[in-house]
Amino acid sequence: MSSPPKPNLTPTKPSSNAAISVRNLRVKYGEREILHGINFEVPEGETMVILGGSGSGKSTLLRTLVGLEKPSSGEIWIQGKDFASIPDAERDELRKKMGMSFQGGALFGSMTVGENVALPLQEHTQLDDSTIEIMVRLKLDQVGLSGFENYMPAQLSGGMKKRAAIARALAMDPATLFFDEPSAGLDPIIAAGIDELILKLKKAFRMTIVVVTHELASAFLIADRMIVLDKGVIVADDTAQNLQKSTQPRVRQFLDRVPEPELTGEIDYLQMLTGDTPPQRQ
């Protein structure tokens, strides 16, 4: 069985302008380690794109950053606080300043679009109903869905569902906004519209944005910086412009869409993650 790459164990000292600073982060599922001691920072107001193939650990990293997974070890500094070790009540308060747009939208199908967007405000603020109604309309207008507050999610197209999910993520005016595959499942024209929306939000609100994607066109359009994950290790951390010129073999393979010459390494690694026995090749 092939071994995952060795991590860089030199932690980065959190910078004074870092919205997010990850230091020696390790995450395990049971006995299997998925992230192997990674380090990176996201400066205030910048957009960081996390790239990587299937099984690279990018979704696990995102889930850990927003508190849906617990680190095995290491530190995650968000807005000057170690998100992984602060008390639960303090962590919950910090999460109110974070917005998350899930890959499939994750809208509640039994609630209208407006009710979906209003939910965080109803749960976490003392605002009266009339104020919440005004804020819902503002958020929907910001994502191009003005007038759709009474529609049900089933009545929306795929791109509109993504926009509604972004409106809900914006409801609490977050300092940091997280996206999980914002362009997944969309045709190129609709996906380009989501990319433009992300750029618009960054310019308008100067928020810090973290995006997990495997869509290269979207990544190079919206990113200030990118990290590339390979089997739970960061193999590149650079500006979008510099990354395009990278000579790192795994980065070039990903960017140039070069297939693996053999599937053995990938099968061995996935077997390590899942515990499944791969089928015998003929």
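These are my notebook entries on a few features I looked up in this predicted model.

**Entry 1: aromatic rings**

I began with the aromatic rings and found one aromatic pair in the structure. The partners are Phe 148 and Tyr 151, with 4.8 Å from centre to centre and 50° between the planes. I noted the pair as tilted, because that angle falls between the 30 degrees under which planes count as stacked and the 60 over which they count as edge-to-face.

I then looked for a charge over a ring. The charged end of Arg 91 sits over the ring of Phe 83, 5.9 Å from the ring centre.

**Entry 2: the cavity**

Next I searched the whole structure for cavities of 30 Å³ or more, and one turned up. Helix α5 (158-169) and strand β7 (176-180) are the elements that give two or more residues to the lining. Sorted by class, the lining has five nonpolar residues, one polar and two charged.

**Entry 3: helix α3**

I turned to helix α3, residues 113-124, and asked which of its residues are buried. My list reads Val 113, Gly 114, Asn 116, Val 117, Ala 118, Pro 120 and Leu 121. What do the buried residues of α3 pack against? They pack against α4 (129-142) and α5.

**Entry 4: Val 22**

I found Val 22 in strand β1, residues 18-29. At 0% relative accessibility, Val 22 is buried, because buried means under 20%. I also checked Val 22 against Glu 75: they are 53 residues apart in sequence, yet 5.9 Å apart in space, C-alpha to C-alpha.

**Entry 5: positive phi**

Last, I looked at backbone angles. Asp 173 is not a glycine, but has a positive phi of about 50°; Asp 173 lies in the loop between α5 and β7. Arg 206, also not a glycine, has a positive phi of about 50°. Where is Arg 206? I found Arg 206 in the loop between α6 (188-205) and β8 (208-212). Arg 206 counts as exposed, at 72% relative accessibility.

Definitions and conventions:
Residues numbered from 1 in each chain as written. Predicted model: local features only at pLDDT ≥ 70, side-chain atom pairs only at ≥ 80, totals over all residues. Heavy atoms only, no water. Phe/Tyr/Trp six-rings, centres within 6.5 Å; stacked < 30°, edge-to-face > 60°. Lys NZ or Arg CZ within 6 Å of the ring centre and 35° of its normal. 1 Å grid on protein atoms, 1.4 Å probe; cavity = no way out; pocket = protein on both sides within 12 Å on 5 of 7 lines; lining within 4 Å. Points joined across faces, edges and corners; volume = space filled by probe spheres on them. Helix = DSSP H or I, 4+ residues; strand = E, 2+ residues; numbered from the N terminus. Nonpolar A, V, L, I, M, F, W, Y, C, P; charged D, E, K, R; others polar. Buried < 20%, exposed > 50% of the residue type's maximum accessible area, 1.4 Å probe, protein only. Contact = heavy atoms within 4.5 Å.
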